[in-house]
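Work through the exercises below with the sequence and the model side by side, and try each task before reading its solution.

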Amino acid sequence: MERTVVSIDVGSSKVCTLVGEVRENGDLRVVGVGLVPSRGLRKGVVVNVEDATAVLAASIAEAERSSGYKLERAYVSISGKHVSSLNSQGVVGVSQRRHGITVDDVERALDAACAITVPHNQDVIHVIPRGYVVDGQAGVRDPIGMHGFRLEVEAHVVTASTTAIQNLLKCVNRAGMEVDEVVSAAIAAGDAVLTETEREMGVVLADIGAGTTDVAIFIDGTVWHTVTLGIGGAYLTQDIAIGLRLPPAVAEEIKMEYGHALPDRIRSDEEFTVASFGDGARQVVPRWQLVSIIEARAEEILSMVNKEIKRSGYDGLLPAGVVLSGGTAQLPGIRSLGREILGLPVRLGKPRNLHGLIDSVDNTAHAVGAGLLMWGSTEEARPQLRAKPGPARRGRFLEWLRAFLPG
């Protein structure tokens, strides 16, 4: 029996609603897309409720027209500098020792890991297990069924601003949708673009959007560190507009058409014409001048990602390197610049394992939306294990456990 899953990627430059059908064999088929430019959102947060609601409603309506479904519920992304994370431990006694560790024991351990001091203006949105210890035996990936007296869990806890969550939920609700779960953009993007081998070996996911850059580090098959940086591709456009004295819309257009991250890849005689401010007279611009502006800001973004990797302390555990997603990852030359600055292998991350209207989402800009669909399709398959109501959402904890099992 087919099930329908809906995702809404709420970004600073676009709002994208995707409708997916989950087949009996687990295949995920995209059957509807609603893509509209953002308004009322800045750096991942709602700054104007009326505008954000209107944009969400327009995106949902477009997805309904293209899919033929009446949409009621969705998984929604959240981003912004207010999103933070920490690692925590939880310890419980095994309740039914004769029968081994049960799902209930795992849930209690995750609840214990969630019993941490969180600022009053923050809510917990994810508690994701990193690994388990059973009676002192470390390195356990799936404790269910094991015998023991004491169960410990190492968990990755993601929090977000209570106000930002409430404003986002209000806008989505006013647009006519209920929210199944609010999901970190970094973790959602990782679901869409990373391979199991990369997640096991150690990899960094950097989703460079318009207003923010979401970073997540995956090791041993699960997420160990997440953070959102308050900088993104819109800053490139802003620098171009100021440096070349152009309207922002024109700056964005020439960034997309003539942009590059490496000036030494551009011939010195390349140039283009563009309409400037004032009377609209066209000016001739050497392409190297545009690319020099872009390079400086791209270096800054990648340097901030590098600084965050080192701050995490996991910089020596990342043989799979860095995967770039988000709209800015499509900038020519950014992979080479990334390898130079980060000192790691770099590749572009496009959504994987999707069928249907993939031409609409088959690029790095739609990693978060596609990842939300995958997140929702997995959680819907196990409705009895979905997050309980309240701020401490465990999410797909058993899915993360099962990901460790062979086969």
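**Exercise 1. Find which residues of helix α7 are buried, and where they lie around its axis.**

Solution. Begin with helix α7 (residues 248-258), whose buried residues are Val 250, Ala 251, Ile 254 and Lys 255; buried means under 20% relative accessible area and exposed over 50%, with partly exposed in between (1.4 Å probe, protein chains only). Helices (H or I, at least four residues) and strands (E, at least two) are DSSP runs, numbered from the N terminus. Next, look down the axis of α7: the buried residues fall within an arc of 140°, so they line one face of the helix, where the arc is that of the directions from the helix axis to the C-beta atoms. On the other side of α7, the exposed residues are Pro 248, Ala 249, Glu 253, Met 256 and Glu 257. Finally, the buried residues of α7 pack against α6 (234-244), β15 (271-275) and α8 (287-312), contact meaning heavy atoms within 4.5 Å.

A note on the source: this is a predicted model, in which local features need pLDDT of at least 70 and side-chain atom pairs count only at pLDDT 80 or more, while totals for chains, interfaces and linings use all residues. Residues are numbered from 1 along each chain as its sequence is written, and side-chain values use heavy atoms, with hydrogens and water left out.

**Exercise 2. Describe the surroundings of Glu 198.**

Solution. Glu 198 is found in helix α5 (residues 196-201), and because its relative accessibility is 11%, it counts as buried. Its side chain makes a polar contact of 2.7 Å with that of Arg 347; such a contact is a pair of N or O atoms within 3.5 Å, and within protein one must be able to donate a hydrogen and the other to accept it, while residues adjacent in sequence count only if both atoms are side-chain atoms. Once neighbours within four places in sequence are left aside, the residues in contact with Glu 198 are Val 193, Val 203, Phe 218, Ala 320, Val 323 and Arg 347.

**Exercise 3. Trace the order of the six-stranded open sheet.**

Solution. The six strands follow the order β11-β6-β1-β2-β3-β19, with mixed pairing, and two strands pair if DSSP finds at least two bridges between them. The edges are β11 (178-184) and β19 (354-356), each of which pairs on one side only. Within the sheet, β1 (residues 3-10) and β6 (residues 73-78) pair in the parallel sense over two bridges, and Ile 8 stands opposite Val 76 in β6.
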